[in-house]
Amino acid sequence: MKELSKKNGKLEKLIELNDELENYFNNTIIPQLFVDANMILRKFTPAAMTHFKLSASDVGRHIEEVSNNIRFPTIIDNIHEVIEGSQSLEKEIQTTDKKWYQMNILPYIIKKENRTNGVIITFIDINDRIQILKGYEKLHRDYENIIHSISHDIKGPLSNMEGLIKILKGTLKSEQEYKQIIDMLSQSVDNLRKTVDELADIDNDKAFAREPERVNFENVIEDAKLALRDKIEESNAQISTQIDEAEVNFSRKNVRSIVYNLLSNAIKYSKPDSNPEINIQTEKSGDDILLTVSDKGMGIAEDKLESVFDRYSRLHDTVEGTGVGLFIVKSMVESMGGKIKVESKVGEGTAFKVYFRSL
């Protein structure tokens with residue numbers, strides 16, 4: 001009789017523990033799965049049912065049969081790893097529906113037998129945290145681009161001002177010439193101020209980047225030509241345009257910097273003892289707007305094409321430059337979902353193709 005009473009007490013205790021476990025599983029808001037050592041799905045929380053579209057009929061099925069619901073391709077290998085090693089595993093995963101989770105796989109150990117009898121898998125939604133981190137990374141890149149752009153893009157207006165000041169220091173033939181130079185110098189100062197204001201203007205109300213705006217290509221090209229006036233006149237560059245797509249939805253300061261850098265390079269890398277011939281074209285390309293800046297200059301060797309967009313990459317050691325211009329261009333284009341390609345042949349010229357994503 002005593003033995004029967006003792007057995008009944010143990011059974012009641014077991015039922016009580018099972019009820020507590022059921023209560024825990026039914027009330028937790030965290031997706032959790034319990035998989036036994038034979039890889040059978042024994043239990044899951046209601047949150048897991050919602051997240052992974054599981055149903056009561058999935059209990060008792062092999063985990064392979066429901067792994068497509070969980071949408072994480074290596075989960076079976078990870079479960080085997082924890083069961084065999086009796087060590088927990090923690091990792092950040094991205095499921096096939098592009099959501100991020102912190103996955104924890106804990107071994108379920110039977111202490112008396114010192115045996116792992118399965119695993120408990122927990123999924124914590126960290127999608128918002130990952131997106132915030134990506135946003136901060138993009139913000140860091142934006143600041144980095146601004147710093148490089150300020151140092152790189154103001155060289156054109158400064159060069160214009162230096163040239164005009166040299167003329168002022170020389171002998172002018174008439175008051176009209178003097179007035180003309182003063183007006184040109186004032187315009188260069190205004191352009192420099194405008195450039196600095198655009199590059200340094202970050203809207204604090206926007207979390208990570210400025211909103212795109214409608215930008216007119218012809219206006220931006222004229223701005224770039226004005227900033228590069230001295231180089232254009234000195235090299236006697238011939239610049240033609242074919243604008244089939246008049247506008248693009250993008251950050252204006254970034255479009256200006258992209259056009260300025262590509263035009264500056266086309267002038268800089270012209271063939272020795274020949275006038276640069278440059279064509280700027282815009283057109284529709286599928287869903288994108290394509291900007292092409294092509295020249296008939298020195299061209300780029302095939303083995304250097306892959307590295308032209310690297311930071312501090314120099315195309316030709318004989319040409320003055322810092323090697324950050326194309327790096328800036330690529331960063332700006334890709335930060336808003338676009339892409340840039342380069343086609344070139346040594347001695348024949350180069351074409352940079354910028355694909356602006358239609359928004």
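**The nonpolar core and its helices**

Analyst: In the largest nonpolar core, which has 40 residues, the members that touch the most others are Val255, Ile258 and Phe356. The model is a predicted one. At least two residues of this core come from each of the following elements: helices H8 (217-227), H10 and H11, and strands S8 (247-250), S9 (277-285), S10 (288-295), S11 (339-345) and S12 (349-357). The most is given by H10, which supplies 8 residues.

Val255 may be taken in detail. When neighbours within four places in sequence are left aside, Val255 is in contact with Val215, Phe217, Val220, Val248, Phe250 and Phe356. Phe356 is itself, with Val255 and Ile258, one of the residues that touch the most other members of the core. Apart from this core there is a second, separate one of 25 residues, whose members include Val35, Leu54, Val119 and Ile121.

The packing of H10 is considered next. H10 spans residues 252-268 and packs against H11, residues 325-335, at an angle of about 145 degrees, the two axes lying 9 Å apart. The crossing of this pair is left-handed. From H10, the residues Asn254, Ser257, Ile258, Asn261, Leu262 and Asn265 take part, and they meet Gly325, Leu326, Ile328, Val329, Met332 and Val333 of H11. Sorted by class, this contact comprises 7 nonpolar and 5 polar residues, with no charged ones.

H11 is largely enclosed by the rest of the structure, because 9 of its 11 residues are buried. The buried positions are Gly325, Leu326, Phe327, Ile328, Val329, Ser331, Met332, Val333 and Ser335. After H11 comes Gly337, which has a positive phi near 85 degrees.

Helix H3 (residues 63-70) and helix H4 (residues 75-85) cross at roughly 125 degrees, and their axes come within 10 Å. H3 is therefore oblique to H4. On the H3 side the contact is made by Ile63, Glu64, Ser67 and Ile70, and on the H4 side by Ile75, Ile76 and Ile79. By class, the contact of H3 with H4 contains 5 nonpolar residues, 1 polar and 1 charged, whereas the contact of H10 with H11 has no charged residues.

Note on methods. Residues are numbered from 1 along each chain as its sequence is written. This is a predicted model: local features need pLDDT of at least 70, side-chain atom pairs count only at pLDDT 80 or more; totals for chains, interfaces and linings use all residues. Side-chain values use heavy atoms; hydrogens and water are left out. Axes are lines fitted to C-alpha atoms, for helices over the stretch in contact, and angles run from 0 to 180 degrees between N-to-C directions. Helices (H or I, at least four residues) and strands (E, at least two) are DSSP runs, numbered from the N terminus. A crossing is left-handed if the near helix is turned anticlockwise from the far one by less than a right angle, and right-handed if clockwise. Contact means heavy atoms within 4.5 Å. Ala, Val, Leu, Ile, Met, Phe, Trp, Tyr, Cys and Pro count as nonpolar, Asp, Glu, Lys and Arg as charged, and the others, Gly among them, as polar. A nonpolar core is a set of buried Ala, Val, Leu, Ile, Met, Phe, Trp, Tyr and Cys residues joined through side-chain atoms within 4.5 Å. Buried means under 20% relative accessible area, exposed over 50%, partly exposed in between (1.4 Å probe, protein chains only). Angles under 35 degrees count as roughly parallel, over 145 as roughly antiparallel, 65 to 115 as roughly perpendicular and the rest as oblique.
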